[in-house]
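Here are a few exercises to work through with the model open beside you. Try each one before you read its solution.

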Amino acid sequence: MTAPADSVEMLRASIAAVLGEDAESVSVSRGEVTAVLRADRYLEAMARLCDDPRSRFEQLIDLCGIDYSAYRDGEWTGQRFAVVVHLLSISLNHRLRVKVYCPDDEFPVMPSVTKLWNSANWFEREAFDLFGIVFEGHEDLRRILTDYGFIGHPFRKEFPLSGHVEMRYDATQRRVVYEPVSIEPREITPRIIREDGYGGLH
């Protein structure tokens with residue numbers, strides 16, 4: 001259920017006041033408030049969102065990375081990588097989406113917010129593993145979903161769908177071995193069925 005427009009606008013104004021010049025924008029879309037933060041003020045702004053009595057976001061409920069490189073064929077001129085965080089205030093009963101763009105496309109680095117919200121720990125590890133975004137100050141930043149010897153970051157747009165290597169158990173060596181992928185890369189285009197009566201539908 002969408003919150004009333006006036007309460008969403010009040011939240012937008014309140015968040016804008018809390019963040020001040022640390023926010024590049026605070027906007028409303030589809031009944032949700034999104035704050036885009038300055039990268040150089042990310043940690044300070046997040047601490048304010050956590051502690052300020054007007055915002056009081058006690059919980060970080062999600063954090064993920066985004067790779068915008070595929071958008072550059074169109075009108076996108078911004079940074080390639082972004083971090084998106086969803087915050088929840090239980091005491092004030094409101095939510096906020098926070099977005100921050102990593103300043104360096106070649107080596108994306110952002111401060112860790114694990115000192116503010118413990119729940120960011122695994123989310124930041126996941127964003128590091130899948131997108132290669134490094135979270136400075138994270139106490140245990142290592143891969144969480146891929147194998148120990150995995151090379152690359154599978155959610156980056158240039159990463160091949162089939163990966164770079166495949167693994168199998170070698171009985172003669174009595175261990176798992178890695179080899180180049182034997183499947184040729186190909187584009188997968190969904191097949192659209194248009195025959196009359198397909199699947200018993202008329």
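Helices (H or I, at least four residues) and strands (E, at least two) are DSSP runs, numbered from the N terminus. You are looking at a predicted model, in which local features need pLDDT of at least 70, side-chain atom pairs count only at pLDDT 80 or more, and totals for chains, interfaces and linings use all residues. Residue numbers start from 1 along each chain as its sequence is written, and side-chain values use heavy atoms, with hydrogens and water left out.

**Exercise 1.** Find which elements give two or more residues to the nonpolar patch, and which of them gives the most.

Step 1: List the members. Val165, Met167, Tyr169, Val176 and Tyr178 make a nonpolar surface patch of about 520 Å². Patch residues have over 30% relative accessible area and no salt bridge, and nonpolar side chains (Val, Leu, Ile, Met, Phe, Trp, Tyr) are joined within 5 Å. A salt bridge here is a side-chain nitrogen of Lys or Arg within 4 Å of a carboxyl oxygen of Asp or Glu, while areas come from the Shrake-Rupley method with a 1.4 Å probe.

Step 2: Assign them. β8 and β9 each give two or more residues, and β8 gives the most, with 3.

Step 3: Check one member. Tyr178 is found in strand β9 and is partly exposed at 44% relative accessible area (buried is under 20%, exposed over 50%, partly exposed in between).

**Exercise 2.** Work out how β8 and β9 pair.

Step 1: Strands pair if DSSP finds at least two bridges between them. β8 and β9 (residues 175-180) have 6, in the antiparallel sense.

Step 2: Pick a facing pair: Arg168 stands opposite Val177 in β9.

Step 3: Look at the turn. The two strands form a hairpin with 4 residues between them, and Arg174 in the turn has a positive phi of about 55°.

**Exercise 3.** Classify the ring pair of Tyr68 and Tyr101, and say which parts of the chain the pair ties together.

Step 1: Recall the cut-offs. Rings of Phe, Tyr and Trp (its six-membered ring) pair if their centres lie within 6.5 Å; planes under 30 degrees apart are stacked, over 60 edge-to-face, and the rest tilted.

Step 2: Apply them. The structure holds 3 aromatic pairs. In one of them, the centres of Tyr68 and Tyr101 are 5.9 Å apart and the planes stand at 45°, so the pair is tilted.

Step 3: Tyr68 lies in the loop between β3 (59-67) and β4 (81-89) and Tyr101 in strand β5 (residues 94-101), so the pair ties together parts 33 residues apart in sequence.

Step 4: Check burial. Tyr68 is buried at 8% relative accessibility, and Tyr101 is buried at 19%.

Definitions and conventions: Buried < 20%, exposed > 50% of the residue type's maximum accessible area, 1.4 Å probe, protein only. Patch = residues over 30% accessible without salt bridge, like charges linked within 9 Å, V, L, I, M, F, W, Y side chains within 5 Å.
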